[in-house]
Amino acid sequence: MSALLEAIGIGKRFGGVEALKDVSLSIAQGEIYGLIGPNGAGKTTFFNVLTGLYAADSGHFSFAGKPLDVSAPHLVAAAGIARTFQNIRLFANMSALENVMVGRHLRTRAGVIGAVLRNEATRREEAAIERRALELLHYVGIGSRGNDLARHLSYGDQRRLEIARALATEPRLLALDEPAAGMNGTETGALRQLIGGLRDDGLTVLLIEHDVKLVMGLCDRVAVLDYGEKIIEDVPARVRRDPKVIEAYLGGAIA
Amino acid sequence: MKAKVKAWQGVALIAAVLAVLPFAVGLGMGNAWVRVLDFALLYIMLALGLNIVVGFAGLLDLGYIAFYAIGAYLYALLSSPHFGLHWPAWAVLPLGAAVAGLFGVLLGAPTLRLRGDYLAIVTLGFGEIIRIFLNNLNSPVNITNGPQGIARIDPISVFGVPLSRPLDVLGVSLPGVYLYYYLFALVALGIIFVTMRLEDSRIGRAWVAIREDEIAAKACGINTRNVKLLAFAMGASFGGVAGGLFAGFQEFVSPESFSLMESVMVLCMVVLGGMGHVPGVVLGGLLLAVLPEALRQGAGPVQLALFGRVLLDPESLRILLFGLALILVMQYRPAGLWPSATRRREFSENPPEPGR
């Protein structure tokens with residue numbers, strides 16, 4: 001198993017708070033890697049550093065064997081890392097189809113002149129964008145909702161749409177920030193199938209999740225963050241029994 | 001195929017209306033009103049340019065008139081006795097668009113991280129800086145001729161025919177305001193065409209994505225810096241073209257044509273017409289250019305007819321009624337007079353929460 005993404009010694013402070021302390025982890029090609037931890041443990045901060053929204057104070061990443069430039073979000077996306085957000089961030093007043101079409105921006109080229117002239121190449125590209133976007137909507141299971149505004153979709157469908165939009169950028173690593181948050185049992189079950197299917201189709205998934213059952217059932221390996229530090233990285237069965245993890249989640253032993 | 005025929009019928013109808021309009025207006029109400037139409041077309045160009053920045057990309061720009069000023073002064077400097085240069089319009093107008101676009105990038109670059117109120121304040125300052133520069137660049141080296149402005153600018157010539165003088169066409173003498181009308185209408189149609197093509201493209205989607213959620217747009221791989229600068233440059237270049245046309249049409253420019261009030265007017269046209277919706281913005285530009293004139297000329301006679309004498313100075317009444325009209329539109333049609341379908345829904349489903 002070769003590492004697709006390696007984080008080496010990532011540190012990030014906000015004023016006096018050390019949100020991430022020397023976090024290193026390594027995600028293998030083709031696995032579902034879970035990142036869990038109590039609220040405020042630094043999971044989302046790690047995501048934001050990885051995807052270029054925050055600048056790390058220390059450490060660096062390498063992706064597919066090359067150093068990863070995380071100085072701007074679009075560079076990270078171009079390198080092949082796509083993400084979703086904990087609090088869904090769709091383009092609310094665009095249709096579902098348009099949302100996914102925006103995701104194709106990175107992999108298409110038409111500029112002002114092409115747009116104005118609408119020449120053969122531009123028309124072909126536009127048609128391809130639309131076709132691919134529609135495919136992705138079907139892939140995540142909301143193929144019939146393409147013309148609805150994003151904000152008119154149900155909560156679960158909005159999560160799916162966000163995943164479709166992320167997939168449109170042709171990522172090798174898909175980073176999902178609490179995709180099951182606020183979902184009911186049925187929706188979570190469907191989501192589990194979707195994420196499992198992504199792995200089967202060759203994608204590597206980094207998953208932040210609070211739903212422990214989902215993480216333990218789905219992930220190949222799990223890392224636990226607590227107060228910005230990685231306390232363990234192992235297969236789910238061992239993580240579940242680890243005393244440090246139990247302590248992090250349930251509090252220290254009663255003295 | 002049928003849709004195509006229908007579209008062409010629509011184009012033909014619009015062309016016919018645009019061709020006949022100055023005659024209907026000129027014969028019915030006098031040539032002064034054709035001049036108002038000319039200005040309305042200039043304002044429509046400005047409104048469409050600002051619409052790219054404000055309507056599509058969601059970047060509030062309160063200094064937009066500066067680009068109009070840059071286009072106008074560039075034309076004035078390169079095509080008047082002031083420096084003794086008499087460049088032809090076909091060279092100066094595109095150059096004006098390019099220079100204004102460059103200034104758009106210059107304004108955009110330092111404001112990339114700003115949004116909303118903060119961006120509005122910086123752009124407002126930019127607009128004032130340009131106006132004040134124009135006002136004061138007459139010493140030690142006289143570049144802009146200061147507050148007196150630049151006069152005796154060359155009129156625009158098309159194929160060697162100056163548009164300022166009446167032209168005999170098939171035995172009918174067309175005054176200059178008609179000729180300028182046709183030129184402006186052609187340029188405005190060109191700008192509408194470019195805007196609509198851009199709106200429905202990869203670039204247009206990226207602009208709207210930035211308006212909707214900039215962080216999500218970045219995460220989708222959009223280079224928001226470049227895409228925003230492109231919006232500033234495109235919007236500014238439309239303003240630059242309109243400015244050049246204005247200078248050639250008026251044959252005179254001075255800094256007072258480019259006050260903050262003008263920026264506010266153009267912004268009103270965009271907001272009132274329907275932000276981000278091209279037909280709405282055109283309607284907004286037309287109405288707000290024509291309405292003040294109509295009020296100016298109508299307020300006196302109406303008072304005479306109603307009360308037998310003029311009670312209120314038409315000039316002040318004009319501003320009062322204009323303000324009232326703006327308030328009423330915003331109260332009853334908050335998405336604008338002619339919003340796009342999505343934007344209408346957006347407003348109807350999210351009534352403004354009280355106290356926010």
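Between the two chains, the contact draws 29 residues from chain A and 23 residues from chain B, where two residues are in contact if their C-beta atoms, placed from the backbone, lie within 7 Å. This is a predicted model, in which local features need pLDDT of at least 70 and side-chain atom pairs count only at pLDDT 80 or more, while totals for chains, interfaces and linings use all residues. Residues are numbered from 1 along each chain as its sequence is written, and chains are lettered from A in the order in which they are written.

On the side of chain A that touches chain B, two or more residues come from each of α2, α3 (96-103) and α4 (112-117) of chain A, helices being DSSP runs of H or I with at least four residues, numbered from the N terminus. By class, that side holds 16 nonpolar, eight polar and five charged residues (Ala, Val, Leu, Ile, Met, Phe, Trp, Tyr, Cys and Pro count as nonpolar, Asp, Glu, Lys and Arg as charged, and the others, Gly among them, as polar).

Within chain B, the axes of α11 (residues 278-307) and α12 (residues 314-332) come within 9 Å and cross at roughly 130 degrees, with axes fitted to C-alpha atoms over the stretch in contact and angles running from 0 to 180 degrees between N-to-C directions. α11(B) is therefore oblique to α12(B), since angles under 35 degrees count as roughly parallel, over 145 as roughly antiparallel, 65 to 115 as roughly perpendicular and the rest as oblique. The residues of this helix contact comprise nine nonpolar, one polar and three charged, among them L295(B) of α11(B) and F322(B) of α12(B).
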